[in-house]
Amino acid sequence: MPGTYIPADYLPVLIMFIVASCFGLVMLTVGTIFRLRRPYPEKLLPYESGMAPVGEPRQRFDVKFYIIAMLFVVFDVEAVFLYPWAVVYGKLGLYAVVEMFLFIAILLVGYVYAWKRGAFEWE
Amino acid sequence: MGAIDTLLLIVGVVIKLVVVFAVAMLHVAYATYFERKVIAHMQIRLGPMEVGWHGLLQPIADGVKLLFKEDVIPAKADRYVFMIAPMICFFAATSSLVVFPFFEGFNLGPYHVGGALANINIGLLFVLAMSSLGAYGVVMAGWASNSKYAFLGGLRSSAQVISYEISLGLSLVGVMMLAGSLNLTDIVHAQERAGMWNFIPQFLGFSIFCIAALAETNRTPFDLPEAESELVAGYFTEYTGFRFALFFLAEYMGMLIMAALGTVCFLGGWNPIPGLEKIIPGGVWWFLVKVYTLFFMYYWVRTTLPRYRYDQLMSLGWKVMIPIALANIFLTGLWKVYFA
């Protein structure tokens with residue numbers, strides 16, 4: 001039904017949010033009745049193959065992860081822009097095709113640039 | 001609408017929701033059993049045999065055991081972030097269940113029982129949004145654990161998930177174009193009208209979707225976040241007891257969601273295989289058969305293929321999948337203008 005907005009349709013979504021977030025809490029709370037709690041310093045160390053941990057766990061990491069995150073934002077926004085276009089595509093005809101392919105072509109320039117600059121290379 | 005009607009509406013929704021949630025949890029529990037059995041038999045072993053007839057009670061025993069295990073929170077961990085990360089993962093995976101149409105819907109007296117819990121117009125968008133949320137849980141778990149393995153696992157996993165999310169999202173654009181809707185029920189109806197399931201006209205899209213779904217759910221051959229030979233268990237290395245179980249449930253729930261999404265978008269949802277509608281009419285059983293088939297494919301792939309290397313994974317995602325997914329949109333556009 002395009003054009004109709006019924007908030008009641010979204011009621012199950014809200015209830016599901018509540019159920020899904022409460023499930024973990026409830027199970028963990030119920031679990032406190034059954035489970036043991038015997039902590040000692042060695043048990044609370046981070047796992048490192050049975051040895052005492054060496055150095056700081058939070059080290060500097062590769063800048064590539066940041067680049068991937070930035071590229072993700074660009075391309076995911078592109079994908080989100082494509083969704084409304086895809087939904088009304090059947091009604092718009094050839095005009096929509098040309099419009100959107102121009103949009104994709106412009107993004108492809110950025111894609112090719114990122115590729116040439118080696119953003120997708122991992123060594 | 002009167003107060004009584006509103007109350008009835010809410011009660012009805014809650015009952016349906018609890019049923020769907022319980023059935024889904026049962027499926028998730030038995031997906032682990034199914035996986036162990038399938039892999040065992042492919043490797044000429046028997047798999048779980050001890051607990052119950054042919055090990056049928058094994059998932060329940062596992063669940064009870066995890067409930068009784070001590071909940072260890074490492075001393076150096078970022079306590080609150082550490083505690084909520086598994087809940088975010090589980091929440092993100094489970095919430096998507098609400099929009100899937102499992103059957104056509106029928107009339108029970110004056111009431112209409114819909115096939116989906118929430119028949120909303122943004123169904124597909126909702127699923128994609130929720131599957132993106134899971135990455136937060138992973139990053140938070142990796143960061144808060146304050147352990148080298150968890151940290152590396154969390155980083156790798158989030159980079160992998162966001163990389164493949166683009167191709168996953170783009171592979172579904174073709175489906176949206178054919179159906180002209182984001183409503184999952186409409187997408188199934190569109191396939192009914194076309195007389196052809198989407199995996200035929202959207203063959204490229206379906207291939208991309210399957211590969212991206214494997215990567216999104218961290219399954220072999222893309223299980224690098226938990227590559228046990230190098231990262232112990234990846235981002236949930238430090239988790240024990242029921243918090244670990246929540247990650248595990250979230251992972252299998254994610255598989256269920258991806259299998260259901262594939263069923264709805266590409267395999268005709270609840271519709272029977274053409275030619276068989278006289279013998280077995282369409283309904284929730286067909287939906288389940290298709291979901292189980294996709295689950296079997298997950299396990300089959302797992303026993304067959306070795307793990308990817310991380311640079312291979314990234315170059316596959318960025319250099320191969322995205323161009324093909326874009327080409328698929330282009331071809332679908334042309335096809336729709338000239339032939340439909």
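The model is predicted: local features need pLDDT of at least 70, side-chain atom pairs count only at pLDDT 80 or more, and totals for chains, interfaces and linings use all residues. Residues are numbered from 1 along each chain as its sequence is written, chains are lettered from A and ligands numbered from 1 in the order in which they are written, and side-chain values use heavy atoms, with hydrogens and water left out.

The interface was examined from both chains. Chain A contributes 66 residues to the contact and chain B contributes 78 residues, where contact means heavy atoms within 4.5 Å. About 6,500 Å² is buried between chain A and chain B, and carbon and sulfur atoms give 76% of this area. Buried area is the accessible area (1.4 Å probe) that two parts lose on being put together, summed over both. On the side of chain A, M16(A), R58(A) and Y83(A) lose the most area to chain B, together 12% of what that side buries.

Polar pairing across the interface was also counted. Four residue pairs, both residues at pLDDT 80 or more, are in polar contact across the interface of chain A and chain B. A polar contact is a pair of N or O atoms within 3.5 Å; within protein, one must be able to donate a hydrogen and the other to accept it, and residues adjacent in sequence count only if both atoms are side-chain atoms. Three elements of chain A give two or more residues to the side that touches chain B: α1 (11-34), α2 (64-92) and α3 (94-116). Helices (H or I, at least four residues) and strands (E, at least two) are DSSP runs, numbered from the N terminus. This side of chain A divides into 47 nonpolar, eight polar and eleven charged residues. Ala, Val, Leu, Ile, Met, Phe, Trp, Tyr, Cys and Pro count as nonpolar, Asp, Glu, Lys and Arg as charged, and the others, Gly among them, as polar.

Side chains of opposite charge can pair when their charged atoms come close. A salt bridge is a side-chain nitrogen of Lys or Arg within 4 Å of a carboxyl oxygen of Asp or Glu. Over all chains, the structure holds seven salt bridges. One salt bridge is counted between chain A and chain B. It joins D71(B) to R35(A), with the closest N and O atoms 3.9 Å apart. D71(B) is buried at a relative accessible area of 10%, and R35(A) is buried at 17%. Buried means under 20% relative accessible area, exposed over 50%, and partly exposed in between (1.4 Å probe, protein chains only).

Within chain B, R219(B) and E35(B) meet in a salt bridge at 2.5 Å, N to O. R219(B) lies in the loop between α8 and α9 and E35(B) in helix α1, so the pair ties together parts that are 184 residues apart in sequence. R219(B) is buried, with a relative accessible area of 3%. E35(B) is likewise buried, at 3%. D311(B) pairs with R309(B) in a salt bridge, the closest N and O atoms being 2.9 Å apart. Here D311(B) is partly exposed at 25%, whereas R309(B) is exposed at 51%. Salt bridges that share partners join E35(B), R219(B), E251(B) and R302(B) into one network.

The loop between α8 (203-216) and α9 (228-231) of chain B holds T217(B). T217(B) is buried, with a relative accessible area of 7%. Beyond its neighbours within four places in sequence, T217(B) is in contact with E251(B), G254(B), M255(B), M258(B) and Y298(B). A polar atom of the T217(B) side chain lies 3.3 Å from the backbone oxygen of L214(B). N218(B) lies in the loop between α8 and α9 of chain B. Its phi is near 55°, a positive value in a residue other than glycine.

Helix α10 (residues 241-266) of chain B has 26 residues; at 1.5 Å a residue it should span 38 Å, and its end C-alpha atoms are 37 Å apart, which agrees. The expected span is 1.5 Å times one less than the number of residues. Of the 26 residues of α10(B), 24 are buried. Just after α10(B), G268(B) takes a positive phi of about 75°.
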